[in-house]
Amino acid sequence: MKAGTWPTTPTAGSDQRLAWMDAAIAEANSTEVRGLTAVYLHTLIAACPRPAHAPVYGRMVLEGAIHRTVAAYATRLHQMARADTLRGSAEDTLRYVRVLLDVLSDLARRWGTDSRPVAPPTPLPQPAAAHQPPVSEKLLADEEYLLAVLTAHPDALGDLVGWLRPEDFAEPGHGRIYRCLGALHHRGEPIDEVTVLWEAQRRGALADGTLTAEDVLRLCDSTSAAGIADYLGEQVVRASLVRTAADAARQVRALADDESLVPGRLIGYALHALSPLEDIRRRWRAATGAPEAASATPRAPQPTARVPSSRADAARARSRPHPPPSPNARSSAPPPVPYRPLVPTEPLVTPIVPTPPIPTAADTSTMSALAEEFTAARRRLDQSRLTGDGLPSLAATANQMQSLGRLINYHTDEVLFRITEPGSGTPQQRRAVGILATATTPATRAVEYLAEAHAQLGVLHQYAQGPATPILTDIRKSALDLIRDRLDEAGAALQDASEALNSEADR
């Protein structure tokens with residue numbers, strides 16, 4: 001393909017070789033990608049019905065890989081948001097929001113489109129109430145106590161109105177009362193339960209059934225309210241940030257599952273779904289006084305006008321077949337000079353090993369993100385074993401294998417991206433491909449170990465109600481020993497994958 005032509009079968013009676021096939025196999029061997037053998041290459045070539053359409057086939061593969069990548073990172077963001085909801089934190093959610101934004105920016109660069117939010121023609125579907133996790137009692141208690149504290153100490157509103165919004169409250173009625181408190185404070189009028197009830201009535205909160213007079217008087221009871229409004233407000237903003245991130249991740253996942261969306265629209269719509277998080281993240285930083293964290297990868301400056309012509313040409317080139325060059329042009333090109341290391345005339349006592357090229361910032365970010373995914377997978381495996389007998393359930397191991405399968409699928413997509421994109425022959429790109437391909441080995445071993453443990457858990461489940469005969473006792477004991485060994489080996493394999501990527505990302 002690099003020569004620009006796809007020759008057909010040799011003519012009868014000739015000894016002509018398919019040079020392009022030999023070149024493709026040699027290129028695959030030079031990159032040392034595991035699993036990419038000559039037999040597999042022949043299988044791929046045979047599956048191509050019309051060689052002249054290869055650029056379009058490549059675009060089809062790239063589209064599918066982009067959809068899977070966006071879906072995988074959106075799912076991970078949703079998982080982190082749910083975990084932060086239980087932990088009462090927001091740091092992991094913020095980190096994975098940045099990771100997803102950087103992934104979308106990198107995918108836009110690879111596809112040749114502009115990385116900017118684009119509003120869809122119809123509003124994105126909101127998550128159904130049945131799929132929403134229940135609001136914790138602690139958060140509702142914090143919101144109620146915050147309203148009581150603000151009613152008792154109206155001066156504290158001056159510090160909160162800059163970063164706390166009515167829509168941050170999980171209970172809509174609480175947000176309506178906070179809006180009434182803010183309006184009274186803005187007009188400089190007295191604030192107590194009676195004036196808040198009057199303001200709520202004026203704003204229609206009682207007429208539409210959102211609140212009742214008893215609710216307002218109970219929530220604004222300031223007789224025994226004593227607390228720190230800033231702290232309570234921070235808890236409300238944090239919960240709003242995590243809740244909004246979970247909803248946005250669910251919307252992005254729904255967009256990624258829509259196969260009718262082309263990658264350019266998918267990326268633009270996904271960025272639009274994530275845009276509300278920017279305002280909440282800024283207000284969360286203002287509330288906690290934390291500095292704004294740097295992006296995982298340097299963000300390229302956004303164009304202010306039309307997409308550059310070079311980028312548009314690159315996008316169109318992926319689906320436009322190129323005419324083969326003339327034989328004269330091919331023959332006039334100088335043959336590639338193979339790399340020949342300088343061999344000294346006398347043997348050296350200590351051979352000089354060339355310093356490997358340092359991966360680029362984008363490759364380093366990808367390696368760090370993948371390392372975090374493998375670390376999180378091992379953490380989930382360890383948590384699934386926190387049971388009475390130290391064994392995970394059948395459902396837990398099945399979910400682990402599915403999750404690792406998606407992660408390995410994304411991992412191999414990253415290798416394919418770097419092989420097919422322009423500039424893949426640079427030393428940095430070759431090293432990045434080699435590192436990513438090598439890390440697939442321990443991840444695949446982890447899946448194999450989990451599969452063996454899963455099978456033995458099925459044996460225990462099958463004979464759980466059997467009689468305590470000596471044979472069944474030996475079967476159960478052997479299964480228990482094998483399960484524990486395989487789970488330990490799976491955790492060690494995941495750790496090896498994470499450490500291999502982190503060691504190269506930290507160079």
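Visitor: How far apart are the N and O atoms where the side chains of Arg76 and Glu373 meet?
Guide: Keep in mind that we're looking at a predicted model. In general, side chains of opposite charge can pair when their charged atoms come close. Arg76 and Glu373 do this in a salt bridge, with an N to O distance of 3.5 Å.

Visitor: How many residues apart in sequence are the parts that Arg76 and Glu373 tie together?
Guide: Look at where each partner sits: Arg76 is in helix 3, and Glu373 is in helix 15. The pair therefore ties together parts of the chain whose separation in sequence is 297 residues.

Visitor: Which helix gives the largest share of the lining of the largest cavity?
Guide: Arg76 and Glu373 turn up again here, among the residues that line this cavity, along with others including Tyr73, Arg380 and Tyr410. Helix 3, helix 15 (361-384) and helix 16 (394-420) each supply at least two lining residues. The largest share is five residues, and they come from helix 3.

Visitor: How much space lies in the largest cavity?
Guide: Rolling a probe the size of a water molecule over the atoms shows where empty space is left. Counting cavities of 30 Å³ or more gives one. Its lining has four nonpolar, three polar and four charged residues. The space in the largest cavity comes to about 210 Å³.

Visitor: Which helix gives the most to the lining of the second largest pocket?
Guide: This pocket holds about 720 Å³ of space. It has 32 lining residues, and Thr85, Leu139, Ala239, Ser240 and Arg243 are the closest to its centre. Helix 3 (54-87), helix 5 (137-152), helix 10 (229-257) and helix 12 (276-288) are the elements that give two or more residues. With ten residues, the one that gives the most is helix 10.

Visitor: How many charged residues are in the lining of the second largest pocket?
Guide: Let's sort the lining by class. It has 13 nonpolar and eight polar residues, and the number of charged ones is eleven.

Visitor: How many residues apart are Glu144 and Arg218?
Guide: These two form a salt bridge, and their closest N and O atoms are 3.8 Å apart. The link joins distant parts of the chain, with Glu144 in helix 5 and Arg218 in helix 9 (residues 213-219), a separation of 74 residues.

Visitor: Which helix holds both Glu489 and Arg486?
Guide: Their side chains meet in a salt bridge at 3.2 Å, N to O. An α-helix has 3.6 residues a turn, so residues three or four places apart point the same way. Glu489 and Arg486 are three residues apart, about one turn, and both lie in helix 18.

Visitor: How many salt bridges does the count come to?
Guide: Some of them join up: Asp84, Arg87, Asp92, Arg95 and Glu372 are linked in a network. For the structure as a whole, the salt bridge count comes to 25.

Visitor: Where the rings of Phe169 and Tyr178 pair, what is the angle of their planes?
Guide: A search of the whole structure finds one aromatic pair. Both Phe169 and Tyr178 are buried, and their ring centres are 5.3 Å apart. The pair counts as tilted because its planes meet at 40°.

Visitor: What separates the C-alpha atoms of Leu460 and Leu472?
Guide: Leu460 is in helix 17 (residues 427-462), and at 17% relative accessibility it counts as buried. Leu472 is twelve residues from Leu460 along the chain, and the distance between their C-alpha atoms is 9.7 Å.

How values were computed
Residues are numbered from 1 along each chain as its sequence is written. This is a predicted model: local features need pLDDT of at least 70, side-chain atom pairs count only at pLDDT 80 or more; totals for chains, interfaces and linings use all residues. Side-chain values use heavy atoms; hydrogens and water are left out. On a 1 Å grid over the protein atoms alone, a cavity is a set of points where a 1.4 Å probe fits but cannot get out, and a pocket is an open set with protein on both sides within 12 Å along at least five of seven lines; lining residues have an atom within 4 Å of a point. Grid points are joined across faces, edges and corners, and a volume is the space filled by probe spheres set on the points. Helices (H or I, at least four residues) and strands (E, at least two) are DSSP runs, numbered from the N terminus. Ala, Val, Leu, Ile, Met, Phe, Trp, Tyr, Cys and Pro count as nonpolar, Asp, Glu, Lys and Arg as charged, and the others, Gly among them, as polar. A salt bridge is a side-chain nitrogen of Lys or Arg within 4 Å of a carboxyl oxygen of Asp or Glu. Rings of Phe, Tyr and Trp (its six-membered ring) pair if their centres lie within 6.5 Å; planes under 30 degrees apart count as stacked, over 60 as edge-to-face and the rest as tilted. Buried means under 20% relative accessible area, exposed over 50%, partly exposed in between (1.4 Å probe, protein chains only).
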